[in-house]
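Trainee: I have a model open and want to learn how to read it. Where do we begin?

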Amino acid sequence: MAIEKNVFFNLRHYEYGEAFFGSYKGMRYRLAREPLENVFFTPVDQRDPDARLMATVWPEPYSYFDTEDEKKISEKFEITEEGFEQAVAWINAQYESGNW
């Protein structure tokens, strides 16, 4: 595995509506809760049941916001520890495939 899970913030971080950004050997990546909103103080039973973790990869050199959407590849995962691990594995699989 190229990018270790411990590089990312822990799963609870994403409840604050903050994204994590990184890069690895020419590939940039982002992991965030979608919709991107602060739900930390919202009771679990009142949160959007359709919310997911969204992992996105794209080629350097530009930031997420300065890169055209057509150049980004995204996938959604459950907001669970297992979904978090799957998202990290997906980002690594995208790097290995070279299709980003």
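This is a predicted model: local features need pLDDT of at least 70, side-chain atom pairs count only at pLDDT 80 or more; totals for chains, interfaces and linings use all residues.

Trainee: What pattern does the chain follow along the sequence?

Mentor: The order is β-β-β-β-α. That comes to 1 helix and 4 strands.

Trainee: How does the radius of gyration compare with that of a compact globule?

Mentor: A compact globule of 100 residues would have a radius of gyration near 13 Å. The chain has 13 Å, so the two agree. Along the principal axes, the C-alpha atoms fill a box of roughly 40 × 30 × 20 Å.

Trainee: What share of the residues is buried?

Mentor: Buried residues are 39% of the 100 in the chain.

Trainee: Now the rings. How is an aromatic pair described?

Mentor: By the distance of the centres and the angle of the planes. This structure holds 15 aromatic pairs. One of them is Tyr64 with Phe65, an edge-to-face pair with 5.2 Å centre to centre and 90 degrees between the planes.

Trainee: Are Tyr64 and Phe65 buried or exposed?

Mentor: Tyr64 has a relative accessible area of 15%, so Tyr64 is buried; the cut-off is under 20%. Phe65 is at 65%, so Phe65 counts as exposed; that cut-off is over 50%.

Trainee: Which residues form an aromatic cluster?

Mentor: Phe8, Phe9, Tyr14, Phe20, Tyr29 and Phe84 form one.

Conventions. Residues are numbered from 1 along each chain as its sequence is written. Side-chain values use heavy atoms; hydrogens and water are left out. Helices (H or I, at least four residues) and strands (E, at least two) are DSSP runs, numbered from the N terminus. The radius of gyration is taken over C-alpha atoms; the globule rule is 2.2 Å times the number of residues to the power 0.38. Buried means under 20% relative accessible area, exposed over 50%, partly exposed in between (1.4 Å probe, protein chains only). Rings of Phe, Tyr and Trp (its six-membered ring) pair if their centres lie within 6.5 Å; planes under 30 degrees apart count as stacked, over 60 as edge-to-face and the rest as tilted.
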